[in-house]
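Biologist: I would like to learn how labels are given to parts of a structure. Please show me one.

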Amino acid sequence: MNNTLPNLKFSPSLRVIHSLMALCILFELITGLIMALDLTPYFSQILAFHRPVGILLFGLIFLRIIVRFATKNPLLPVETPVDQKIAAYSMQIALYFLMLGMPLSGWLMTSAGGYPVRIWGDFILPGLVAKNASLHTVFAGWHLWLAVALAVLIVLHIMAAFYHKHILRDDIYQRMF
């Protein structure tokens, strides 16, 4: 498959946001796993970085959506099988949903736990819900399962990129790099 479309790549700004978000999400998944498994005596120090990076990601996903709709995006090649197109677009929608849901569920969980969502220094976000132990448990469960789903989809996303680059040897991989 050889994509000869003139608009082969996503915009440079979208590619930068993609890379920045990928690094932040990797950081969040690793620090979240470390905290969830209680693998460190530095829980509060890690959390002090985990929360602001999560809020940064929350802002970046909105910026990403704006840039995505404001710029011309490459189409999949015409010869791409319908099932692959459906899989690609479904994966994108699911990733966007999870990238919105993860920080939102964390913010809700933190609010329901009665904890401040401290970004840096004295800058604290307002709570989204009142302190409520039952809701904290519910939102913590959501946060966990959204993280698992996001990790699984990221692995599938990376596998698809490698499949296109190394097996199919098509130009799809180059759209973001």
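Biologist: Where is Met109 found?

Modeller: Met109 is found in helix H3. Helices here are DSSP runs of H or I with at least four residues, numbered from the N terminus. This is a predicted model, where local features need pLDDT of at least 70, side-chain atom pairs count only at pLDDT 80 or more, and totals for chains, interfaces and linings use all residues. Residues are numbered from 1 along each chain as its sequence is written, and side-chain values use heavy atoms, with hydrogens and water left out.

Biologist: Why does Met109 count as buried?

Modeller: Buried means under 20% relative accessible area, exposed over 50%, and partly exposed in between (1.4 Å probe, protein chains only). Met109 has 18% relative accessibility, so it counts as buried.

Biologist: Why is Val152 called partly exposed?

Modeller: Its relative accessible area is 45%, so Val152 is partly exposed. Val152 has its place in helix H4, residues 133-168.

Biologist: Which residues is Met109 in contact with, leaving aside its neighbours within four places in sequence?

Modeller: They are His136, Phe139, Ala140 and His143. Contact means heavy atoms within 4.5 Å.

Biologist: What span is expected for H3, at 1.5 Å a residue?

Modeller: The expected span is 1.5 Å times one less than the number of residues. H3 covers residues 82-112, which is 31 residues, and 45 Å is expected. From first C-alpha to last, H3 reaches 44 Å, close to that value.

Biologist: What comes just after H3?

Modeller: Gly114 does, with a positive phi of about 80°.

Conventions. Helices (H or I, at least four residues) and strands (E, at least two) are DSSP runs, numbered from the N terminus.
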